[in-house]
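Subject: Structure handover

Hello,

Please find the structure below. My notes on it follow.

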Amino acid sequence: MTGPLLSVGDLRVTFHADEGDVRAVDGVSFDVNRGEVVCLVGESGSGKTVTAEAITRLLPVPPAELEGEVRFDGQDLTTLPEATMREIRGARIAHVFQNPQGALNPVYTVGWQLVEAIRLHRDVPAAAARERAVDLLATVGIPDPVARFADYPHEFSGGQKQRVAIAMALASDPDLLVADEPTTALDATVQQQILRLLEDLRTATGLAVLLVTHDLGVVAEIGDEVVVLYAGKVMEHAPVEALFDAPAHPYTRALLACLPGTGRATTEGIPGSLPDPTDPPAGCRFHPRCPYAVEECRAGEQPPLYDRGPGHDVSCVHYGPDGDPAVVLGDAVAAAIRPEAGGDRTSGGESS
Ligand SMILES: Nc1ncnc2c1ncn2[C@@H]1O[C@H](COP(=O)(O)OP(=O)(O)OP(=O)(O)O)[C@@H](O)[C@H]1O
Ligand code: NI
């Protein structure tokens with residue numbers, strides 16, 4: 001019970017398509033501790049959803065092929081029989097999606113659906129289930145939950161529907177909530193409210209959350225840890241504060257530069273596009289779009305994850321033993337973050 005709640009180790013997910021093999025996820029590792037919010041970020045197509053859905057095998061295997069380890073509370077989920085997996089998916093790990101519609105049946109009242117979800121997991125009398133359903137509606141911030149119990153999904157606004165979908169996910173008292181872009185379809189104010197709700201749930205119940213988002217603004221709101229994915233590879237892995245205070249990977253820095261309110265926001269996003277997933281480039285997957293790419297970046301494997309501080313790793317040669325972070329950070333910034341890089345050096349720029 002002392003280890004992480006979820007430990008993903010060297011996860012690889014391959015789709016065998018006519019055009020060739022798509023390595024959607026290629027050696028991804030991270031942990032989620034109890035009560036922690038871990039964010040997977042990256043542009044569209046970077047492998048966030050495939051990673052999240054591989055964990056509970058929502059992703060059908062086959063056709064997807066899964067390698068590596070997914071340990072949940074000490075159990076390797078990749079080798080469990082499908083029936084056991086289904087139980088875990090229903091009870092201990094719950095999913096919330098971008099579109100709450102999928103979690104709700106339009107022909108039944110919200111209260112009835114919640115009661116069903118509760119009784120599926122716990123053998124409780126109808127009255128107790130009803131009471132719990134009302135509690136859940138209150139927990140997720142639906143005003144006047146007793147009255148709203150008898151309403152149909154279409155009677156709820158978009159943001160309220162997502163709240164109800166979260167209530168449905170909580171009906172089984174899960175340990176881990178996997179939320180894939182849960183606020184993307186909502187307007188900014190409602191998005192904030194839903195994020196605050198997730199934050200409150202984590203604080204109040206110790207719920208762990210794996211949050212998939214393309215939006216670093218969302219990460220800044222709620223995350224504890226961030227895993228930055230690009231073309232199926234981890235580019236950077238860091239505590240949230242470290243990622244925003246000292247972003248290291250050129251990809252992370254480019255994502256941050258696209259954030260509104262940074263003064264350098266571009267509506268265009270990062271120039272260029274993700275590589276062909278059936279034929280990714282050698283070396284660092286990001287090198288064709290990277291302004292700091294050197295020869296070393298263009299050959300071999302994705303660079304290893306180099307240590308940048310406590311819990312902070314970056315897959316970029318400029319932070320390796322033969323690299324110089326100043327190439328990416330600019331001399332002034334590099335000196336501020338890493339004083340010994342300041343000019344007082346006898347040898348060239350190769351030591352670190
Ligand atoms: N069933 C599938 N068959 C073949 N390729 C797939 C399949 N599902 C996903 N992929 C590919 O895997 C890669 C990762 O997709 P994924 O959905 O995980 O991206 P994402 O980061 O979640 O993007 P988005 O922000 O758009 O949701 C993409 O290249 C995608 O085309
Ligand atoms: Ni996705």
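Some background before the rest. This is a predicted model, in which local features need pLDDT of at least 70 and side-chain atom pairs count only at pLDDT 80 or more, while totals for chains, interfaces and linings use all residues. Residues are numbered from 1 along each chain as its sequence is written, and chains are lettered from A and ligands numbered from 1 in the order in which they are written. Helices (H or I, at least four residues) and strands (E, at least two) are DSSP runs, numbered from the N terminus.

The record

UniProt, in an unreviewed entry, places the feature "domain: ABC transporter" at residues 6-256; such annotations may be inferred rather than shown by experiment. Over residues 6-256, the chain is 39% helix and 27% strand, with the end C-alpha atoms 27 Å apart.

The sheet

Four strands form an open sheet in the order E2-E1-E4-E5, with antiparallel pairing (two strands pair if DSSP finds at least two bridges between them). E2 (20-32) and E5 stand at the edges with a single partner strand each, so one side of each has no neighbour in the sheet. Helix H1 (residues 48-55) packs on this sheet and touches E1, E2 and E4; contact requires C-beta atoms, placed from the backbone, to lie within 7 Å. The direction of H1 makes about 115° with that of E1.

E1 (residues 6-17) and E4 (residues 65-72) are joined by seven bridges in the antiparallel sense.

The axes of H6 (residues 158-170) and H7 (residues 188-205) come within 10 Å and cross at roughly 15°. Axes are lines fitted to C-alpha atoms, for helices over the stretch in contact, and angles run from 0 to 180 degrees between N-to-C directions. H6 is therefore roughly parallel to H7 (angles under 35 degrees count as such).

On the H6 side, the contact is made by Gly158, Gly159, Gln162, Arg163 and Ile166, and on the H7 side by Val190, Gln193, Ile194 and Leu197. By class, the contact of H6 with H7 has four nonpolar, four polar and one charged residues (Ala, Val, Leu, Ile, Met, Phe, Trp, Tyr, Cys and Pro count as nonpolar, Asp, Glu, Lys and Arg as charged, and the others, Gly among them, as polar).

Regards

Methods:
Parallel < 35°, antiparallel > 145°, perpendicular 65-115°, else oblique. Contact = placed C-beta atoms within 7 Å.
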